[in-house]
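Q: Could you walk me through how to read a few local features here?
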Amino acid sequence: MQQQINISQRDLSGETLISLQNIKKSYGSKEVLRGINLEIKKGDRIGVIGTNGAGKSTLSEVISGIRKPSSGNLDVAKNTLVGIQFQQSKYPVGITVYDLIKYYLEVYHIEIRKSELDDLMMKYQIIEFKNRAVEKLSGGQQQRVNILLSLIHNPDLVIFDEISTGLDIEVRQEIFDFIEENVIQKNKSLMLVTHNMNEIEEMCNKFIYVDNGVIVEEGMVADIVAKYGSVQNYT
Ligand SMILES: Nc1ncnc2c1ncn2[C@@H]1O[C@H](COP(=O)(O)OP(=O)(O)OP(=O)(O)O)[C@@H](O)[C@H]1O
């Protein structure tokens with residue numbers, strides 16, 4: 001049977017950036033998303049919780065537009081820019097950090113002064129290895145590059161998938177401060193896929209709990225904290 005997929009960029013009502021209705025995604029015969037309904041509004045910071053294999057990364061990839069759903073409706077408000085930091089990234093062999101960043105700047109037509117770019121690379125603590133090939137970096141160094149690239153075009157919605165993997169405490173704090181300043185304080189939207197409940201409490205105002213390809217619970221982080229003392233106690 002032919003499944004119906006509708007993906008459209010259009011004017012959405014109010015503050016809605018992205019709307020998913022009955023989104024399903026299968027890999028072969030395996031149905032990984034089984035009917036997701038979700039509305040992402042301007043300023044929403046949604047923590048995505050769930051067990052391994054629940055479908056969280058697949059959902060992130062569908063929302064970012066990089067993976068096509070098998071069926072359902074995906075509406076994106078006109079001119080919405082999305083950024084995504086993947087859990088695992090592979091770049092062309094031999095390309096340097098600096099050339100990769102310059103490539104992203106060109107693709108998004110972003111004009112930035114050399115001094116600004118140096119400041120940014122300093123903040124992410126990647127300046128010292130900017131001329132090294134990306135595949136030669138450590139996991140944490142690559143993660144810093146991935147996070148920088150997910151935010152470089154100043155997206156309306158940014159999706160982080162296990163953002164803290166490989167980051168030491170000091171770099172993590174720098175990056176979280178940058179996100180606070182450039183995403184949270186600017187009332188932009190974010191989705192944070194994580195197994196770390198403290199991160200959800202720190203960065204998110206909403207949460208969804210994904211189990212076996214469906215959202216089984218959703219609500220406000222403040223309500224969870226009021227009821228259970230912390231998000232940690234809720235899960
Ligand atoms: N490209 C793919 N081809 C086939 N199966 C896939 C593919 N990507 C993911 N899967 C399968 O889909 C299911 C959901 O995977 P997904 O990565 O979306 O879950 P997740 O909730 O993000 O898991 P985790 O917490 O372990 O990262 C898993 O069983 C996974 O093996």
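Predicted model: local features only at pLDDT ≥ 70, side-chain atom pairs only at ≥ 80, totals over all residues.

Q: Is Thr96 buried or exposed?
A: Thr96 counts as buried because its relative accessibility is 17%. Thr96 sits in the loop between strand S6 (82–85) and helix H2 (97–107); helices (H or I, at least four residues) and strands (E, at least two) are DSSP runs, numbered from the N terminus.

Q: Which residues does Thr96 touch?
A: Contact means heavy atoms within 4.5 Å. Leaving out residues up to four places away in sequence, Thr96 touches Lys130, Asn131, Arg132, Ala133 and Val134.

Q: What is Asp118 in contact with?
A: Ile127 and Lys130, once its neighbours within four places in sequence are set aside. Asp118 belongs to helix H3 (residues 114–123) and is buried, since its relative accessible area is 17%.

Q: How many residues of helix H1 are buried?
A: Eight of the nine in H1 (residues 56–64), so that helix is mostly covered. The buried ones are Lys56, Thr58, Leu59, Ser60, Glu61, Val62, Ile63 and Ser64.

Q: Which residues other than glycine have a positive phi?
A: Most residues other than glycine have a negative phi. Asn79 is not a glycine, yet has a positive phi of about 65 degrees. Glu162, also a residue other than glycine, has a positive phi near 55 degrees.

Q: Where do Asn79 and Glu162 lie?
A: Asn79 is in the loop between strand S5 (71–77) and S6, and counts as exposed because its relative accessibility is 68%. Glu162 is in the loop between S7 and H5, and counts as buried because its relative accessibility is 13%.

Q: Which residues form the negative surface patch?
A: Patches are made of residues with over 30% relative accessible area and no salt bridge, with like charges joined within 9 Å and nonpolar side chains (Val, Leu, Ile, Met, Phe, Trp, Tyr) within 5 Å. A salt bridge is a side-chain nitrogen of Lys or Arg within 4 Å of a carboxyl oxygen of Asp or Glu. Here the negative patch consists of Asp168, Glu170, Glu174, Asp177, Glu180 and Glu181. Asp168 lies in the loop between strand S7 (157–161) and helix H5 (169–184), and counts as partly exposed because its relative accessibility is 43%.

How values were computed. Residues numbered from 1 in each chain as written. Heavy atoms only, no water. Areas by Shrake-Rupley, 256 points an atom, 1.4 Å probe, with all protein chains shown as cover. Lys, Arg positive; Asp, Glu negative; His and termini not counted. Charge placed at Lys NZ, Arg CZ, Asp CG, Glu CD. Buried < 20%, exposed > 50% of the residue type's maximum accessible area, 1.4 Å probe, protein only.
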